[in-house]
Amino acid sequence: MTDNDNWERIREKLRTEYGEATFNSWLKNIELEKIDGGKVSMTLPTRFLRDWVFNNYANRIRQLWCAADDSVKSVDIRVKPLDRKNGAGHKPTFGLGEITETFKGARAVAAETAGQDASLMAPLDPRFTFDNFVVGKSNELAHAAARRVAEAKDSVPFNPLYIYGGVGLGKTHLMHAIGHAIAANCPTKRVIYLSAEKFMYRFIRALRFKDTMNFKDQFRSVDVLMIDDVQFIAGKDSTQEEFFHTFNALVDQNHQIIISGDRSPTDLEGMEERMRSRLGWGLVADIHPTDYELRLGILQSKVEQGKIEIDPRILEFLAHRITSNVRELEGALNRVLAYSDLVGRAVTLESTQEVLRDLLRANDRRITIEEIQKKVAEHFNIRMSDMHSARRARAVARPRQVAMYLAKQLTSRSLPDIGRKFGGRDHTTVMHALRKIEELRQQDVALAEDIDLLRRMLE
Ligand code: ADP
Ligand code: MG
């Protein structure tokens, strides 16, 4: 596979992951310049684009490159120098991807095994430290647990530490912070941090090159193993099997394991029962969605770190309106700042609203399952508790099914998630409800109208 093929595939991934609109606005114009000595060089035509992509998509781009090409160590995006005839060339801005600051002291595990490359470990983002992590009610347990693990010198406080929560709420940040802290406090400890995706990729490669002994040795001889986004290996049976054995070997030696996932161990579909129960053995800490105070705190901390001058009312506005997750919140702030930089005017409330129009609308539209249940219950004149109850009488079962149907349509929650919100029902029950309502909608005009009305009210 040539570098250009890899790049084509990465572009396609970015397009599907971020959607057509985002891709066209920001990512389309990235050009691959060259790959040299493990360093990918890419360009964008303007400083504005380059900064924006740097702040918002660089991590993902770097991950995709590392996954596609094992020899890639860093990724760099620069401003493309202008042709001479078009005027003075832009000064290339600083390189981005050179997060070579992995574990300074900690020995890179693979490097010790003769003939192996040292990149078993994914690079750590230098910004993701405990110092930069703002603690609030929603993440205090996960944060405290992460600290405890990072500071434990000779003991293993809980094994594994399992951190879970929705996207963009700080799971990866906490894991990197643990990595940084261990490197600083116990430089002799051998630490590996990598995504479950990369673990699988490594494993497949080991299989292909008949090198599984080496693979096992490497992973089973570390002091601390961190696997990010474990949900990725759900349904990947042989990787899971290997992970299971690695896991057990490390637990047997009393070595620390830290895992993150997007849901609790019990909810990991496609994960073997024995694996799910092992994952829940130690401490399970969930990160909840942020509240207003935490969002404001995070924005203030960013502004302080960057020594940015900005009207505090703008921060309050953002904290109030961008409620989805921290990644989006940070992205919104960056976008507002990049815009003001570009047009050379201070940020105002008006320009903020203007620049973030699409994002604000998307955040407004987020509807919760509780709201849906409430509206539907009111509409059909049943009790809210009937949404969760086991009663099967049609008078309550039908509205409940309608609510499930609307939950699927109006939220991005998965079927198991929806089932849980309806008194812990199974996802197959939800599926059945969706089919049933879909079918009835065709035959029953009154019901179809009810549903349309409810939908309009909710939106
Ligand atoms: P996840 O891995 O849960 O999807 P990340 O750890 O990648 O989320 O976090 C997304 C972004 O939000 C990162 O830039 C991270 O630094 C930032 N972030 C999340 N939570 C916090 C927090 N409590 N304090 C400061 N920054 C945070
Ligand atoms: Mg993450």
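Helix α11 passes helix α13 in a right-handed crossing, where right-handed means that the near helix is turned clockwise from the far one by less than a right angle, and left-handed that it is turned anticlockwise. This is a predicted model, in which local features need pLDDT of at least 70, side-chain atom pairs count only at pLDDT 80 or more, and totals for chains, interfaces and linings use all residues. Side-chain values use heavy atoms, without hydrogens and water.

Helix α11 covers residues 292-305 and helix α13 residues 326-343. Helices are DSSP runs of H or I with at least four residues, strands are runs of E with at least two, and both are numbered from the N terminus. The axes of α11 and α13 come within 11 Å and cross at roughly 45°. Axes are lines fitted to C-alpha atoms, for helices over the stretch in contact, and angles run from 0 to 180 degrees between N-to-C directions. The two helices are therefore oblique to each other; angles under 35 degrees count as roughly parallel, over 145 as roughly antiparallel, 65 to 115 as roughly perpendicular, and the rest as oblique.

On the α11 side, Arg295, Ile298, Leu299, Lys302 and Val303 meet Val326, Leu329, Glu330, Leu333 and Asn334 of α13, contact being heavy atoms within 4.5 Å. By class, this contact has 6 nonpolar, 1 polar and 3 charged residues. Here Ala, Val, Leu, Ile, Met, Phe, Trp, Tyr, Cys and Pro count as nonpolar, Asp, Glu, Lys and Arg as charged, and the others, Gly among them, as polar.

Threonine 290 lies in the loop between β8 (283-287) and α11. Its relative accessibility is 11%, so threonine 290 counts as buried (under 20% relative accessible area; exposed is over 50%, partly exposed in between, with a 1.4 Å probe and protein chains only). Leaving out residues up to four places away in sequence, threonine 290 touches Ser138, Leu169, Arg295, Thr323 and Val326. The C-alpha atoms of threonine 290 and glycine 136 are 7.9 Å apart, although 154 residues separate the two along the chain.

The contact is made by residues including Ala142, His143 and Ala146 of α5 and Leu174, Ile178 and Ala181 of α6. It has 8 nonpolar, 2 polar and 1 charged residues.

Cysteine 66 is buried at 8% relative accessible area, and cysteine 186 is buried at 9%. The structure holds 0 disulfides, a disulfide being a pair of cysteine sulfur atoms within 2.5 Å.

Technical notes: Residues numbered from 1 in each chain as written. Chains lettered and ligands numbered in written order.
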